[in-house]
Amino acid sequence: MRIEVAGITHVGMKRNHNEDNYLLLPEENLCCVADGMGGHSSGEIASKIAVDELGEFFRMTSRDAEATWPFKMDKTRNYDENRLATGIKLANAKIFERASSDTKYKGMGTTIVTVYFANATAYVGHVGDSRVYFFREGTLRQITEDHSLLNDYLKAKKLSPEEIENFPHKNVIVRALGMKESVLVDVARLEPKDNDVFLLCSDGLSGMVTDPQIQEVLSRTSELEKACSQLIDLANAAGGNDNVTCVLARYHGE
């Protein structure tokens with residue numbers, strides 16, 4: 001198994017600083033995107049803590065299989081699912097602790113989406129409204145479900161395209177790292193095939209670029225770095241209303 005990765009983040013066209021962060025950790029077959037929130041650059045701090053803590057947890061548990069985990073194993077999940085969920089929960093605890101101990105960071109938080117490859121399986125973990133998409137043989141599919149107020153409304157009742165467009169609280173997310181002392185982490189499991197591509201992105205991309213546009217870029221551009229760049233350019237050309245981050249991971253099942 002080999003994972004090919006690329007990632008780009010951009011401040012966008014309307015913001016003066018970038019609160020997104022991303023992690024590429026090919027030696028652990030791990031990548032993630034975090035989209036921070038909170039005033040006075042604290043969103044940037046939250047997303048940086050998230051990617052740093054997740055990366056350090058994976059490095060530590062890789063070096064020392066007997067390392068004590070900060071949270072108990074969930075018996076309904078296998079080792080790899082638990083490893084990913086625990087790393088995200090640890091990141092949440094660190095952000096909550098920082099926000100609670102320093103008033104200038106009060107209320108900061110971040111979304112997170114992660115893909116971790118192990119034993120010919122792709123594990124997708126997420127909290128918030130950043131997304132993971134899955135691209136196979138010309139077809140794009142969204143894997144994650146947004147933890148947002150809009151998505152809750154969509155599940156409860158059918159909304160017309162016009163109602164969705166004019167929904168007054170589009171940016172309200174109902175689950176994020178740092179909001180509470182503990183967090184519920186969604187983990188999905190997929191069986192990738194050779195050359196499958198996973199896209200991780202902040203809503204600066206998914207909110208500005210349509211799924212058909214994303215599918216078209218991934219269909220015509222096999223070079224991951226170039227595809228990331230084209231997706232960022234599309235988001236900015238559409239207005240670039242937010243920071244935009246794109247990570248691509250291609251699975252090789254050799």
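Tutor: Start with a term: a nonpolar core is a set of buried Ala, Val, Leu, Ile, Met, Phe, Trp, Tyr and Cys residues joined through side-chain atoms within 4.5 Å. Buried means under 20% relative accessible area, exposed over 50%, and partly exposed in between, using a 1.4 Å probe and protein chains only. This is a predicted model, where local features need pLDDT of at least 70 and side-chain atom pairs count only at pLDDT 80 or more, while totals for chains, interfaces and linings use all residues. Residues are numbered from 1 along each chain as its sequence is written, and side-chain values use heavy atoms, with hydrogens and water left out.

Student: Which residues have the most contacts inside the largest nonpolar core?
Tutor: Leu30, Phe58, Ile88, Ile112 and Leu177, in a core of 31 residues. Strands S2 (20–25), S3 (30–37), S5 (112–118) and S6 (121–127) each supply at least two of its residues, as do helices H1 (42–63) and H2 (79–101). Another core, of 22 residues, lies apart from it and includes Ala6, Leu205, Val209 and Leu224.

Student: What does Leu177 touch?
Tutor: Contact means heavy atoms within 4.5 Å. Not counting residues up to four places away in sequence, Leu177 touches Ala50, Ile88, Ala91, Asn92, Ile95, Met108, Gly109, Thr110, Ile112, Val127 and Val183.

Student: How many helices and strands does the protein chain have?
Tutor: Seven helices and 11 strands. Both are DSSP runs numbered from the N terminus, with at least four residues of H or I for a helix and at least two of E for a strand. Of the 254 residues in the chain, 51% are buried.

Student: What is the order of the open sheet of five strands?
Tutor: S1-S11-S10-S7-S8, with antiparallel pairing. Its edge strands, S1 (2–10) and S8 (139–142), each pair on one side only. Two strands pair if DSSP finds at least two bridges between them. Strand S7 (residues 131–136) and S8 are joined by four bridges in the antiparallel sense, and Tyr133 stands opposite Gln142 in S8.

Student: And which strands does H7 lie across?
Tutor: Helix H7 (residues 224–237) lies across S1, strand S10 (197–201) and strand S11 (244–252), at about 30° to S1. For such angles, axes are lines fitted to C-alpha atoms, for helices over the stretch in contact, and values run from 0 to 180 degrees between N-to-C directions.

Student: Which H7 residues are buried?
Tutor: Leu224, Ala227, Cys228, Leu231, Ile232, Ala235 and Asn236. The buried residues of H7 pack against S1, S10, S11, helix H5 (203–206) and helix H6 (211–220). Just after H7, Gly239 takes a positive phi of about 135°.

Student: Back to H5. Is Ser206 buried or exposed?
Tutor: Ser206, which is in helix H5, counts as buried because its relative accessibility is 14%. Leaving out residues up to four places away in sequence, Ser206 touches Arg131, Tyr133 and Cys201.

Student: What about Thr121: buried or exposed?
Tutor: Thr121 has 11% relative accessibility, so Thr121 counts as buried. This residue is found in strand S6. Apart from neighbours within four places in sequence, Thr121 is in contact with Tyr116, Arg189, Leu190 and Pro192.

Student: Last one: how far apart are the end C-alpha atoms of H2?
Tutor: They are 33 Å apart, which agrees with the 33 Å that 23 residues should span at 1.5 Å a residue. The expected span is 1.5 Å times one less than the number of residues.
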